[in-house]
Amino acid sequence: MKIIVAQDYQELSRIAYGFIKDVVSANPSAVLGLATGSSPIGIYDLMAEDYAKGEVSYRNVSSVNLDEYVGLPATHNQSYRYFMQHNLFDRIDIAAQNTFVPVGTAKPQQECQRYDDLLESLPRDIQILGIGNNGHIAFNEPGTPHDSGTHIVKLDDSTRAANARFFANINEVPTHAITMGIKGIMAAKKILLVATGASKADAIAAALRGKITTDCPASVLQNHKNLIVVLDKAASAKISF
Ligand code: GLP
């Protein structure tokens, strides 16, 4: 595991973006595993900026996202498909048919199977990950088995509360999500975990320095052979070096 502590969010985003740029420069047909949440937005801004300067093209790149709320259509402004279109896809030259996000309005079980098949046919060169305050990765909440494939989850109250800021009120936050499983996440060749802010410090300490346990889903990342972690100072405050 490689841990990099950046001065601030801007530097964190620049460092994390560097890993994405390296992957796409080495392989113009790379498969990128992407994530939603506020943590990766700085990376997406830099991808869009570099693309606008003509430095990188995503013409032959594919992307696979981690998760989606059950029941939200792509057009809903809080759906993860909408987030990805707005924050990244509409700003670069990636082909629409090469961008994959679980479909929140599809038949749940069939969609899980479709997504696992997709993951097998599109091995990811790198997977961006954020982390929830309770140590969740994607929407794999505490207790999720390490061998889980894509599945439907009932969201933790704490996760719904954390995400309520994006909705009119907490009742609007969907109760379920479809998420890539831990097994699917771990199958990526490289994992890039980014976390920022003091509210993530406990989760980061448990994930990187704690026991590997389903109580902290992100702790499984310690088993990954190619894990890169980019933190800001506040998020790194509780880990020992
Ligand atoms: C959501 C997402 C996760 C994300 C987490 C943290 O629950 N499903 O993939 O990592 O929130 O989000 P943020 O980066 O906004 O703190």
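Biologist: What is the hand of the crossing of H1 and H2, left-handed or right-handed?

Modeller: The crossing of H1 and H2 is right-handed. That word applies if the near helix is turned clockwise from the far one by less than a right angle, and left-handed applies if it is turned anticlockwise. The model is predicted, so local features need pLDDT of at least 70 and side-chain atom pairs count only at pLDDT 80 or more, while totals for chains, interfaces and linings use all residues. Residues are numbered from 1 along each chain as its sequence is written, and side-chain values use heavy atoms, with hydrogens and water left out.

Biologist: Why are H1 and H2 called oblique to each other?

Modeller: The axes of helix H1 (residues 9-26) and helix H2 (residues 41-52) come within 8 Å and cross at roughly 60°. Axes are lines fitted to C-alpha atoms, for helices over the stretch in contact, and angles run from 0 to 180 degrees between N-to-C directions. Under 35 degrees counts as roughly parallel, over 145 as roughly antiparallel, 65 to 115 as roughly perpendicular and the rest as oblique. H1 and H2 are therefore oblique.

Biologist: Which residues of H1 and H2 meet?

Modeller: With contact taken as heavy atoms within 4.5 Å, H1 contributes Tyr9, Ser13, Arg14, Ala16, Tyr17, Ile20 and Lys21, and H2 contributes Ile41, Gly42, Ile43, Leu46, Met47 and Asp50. The residues of this contact divide into 8 nonpolar, 2 polar and 3 charged. Nonpolar covers Ala, Val, Leu, Ile, Met, Phe, Trp, Tyr, Cys and Pro; charged covers Asp, Glu, Lys and Arg; the others, Gly among them, are polar.

Biologist: What makes E4 and E8 paired strands?

Modeller: Two strands pair if DSSP finds at least two bridges between them, and E4 and strand E8 (residues 176-179) have 3, in the antiparallel sense. Helices (H or I, at least four residues) and strands (E, at least two) are DSSP runs, numbered from the N terminus. In E8, Thr179 is the bridge partner of Asp67, and Ala177 is that of Tyr69. E7 and E8 also meet the criterion, with 4 antiparallel bridges.

Biologist: Why do E4 and E7 count as edges?

Modeller: The open sheet runs in the order E4-E8-E7. Strand E4 (67-69) and strand E7 (151-154) each have a single partner strand, so one side of each lacks a neighbour in the sheet.

Biologist: Why is the pair of Tyr69 and Phe139 called tilted?

Modeller: Rings of Phe, Tyr and Trp (its six-membered ring) pair if their centres lie within 6.5 Å; planes under 30 degrees apart are stacked, over 60 edge-to-face and the rest tilted. The centres of Tyr69 and Phe139 are 5.7 Å apart and the planes stand at 45°, so the pair is tilted. Tyr69 lies in strand E4 and Phe139 in the loop between strand E6 (126-129) and E7, so the pair ties together parts that are 70 residues apart in sequence.
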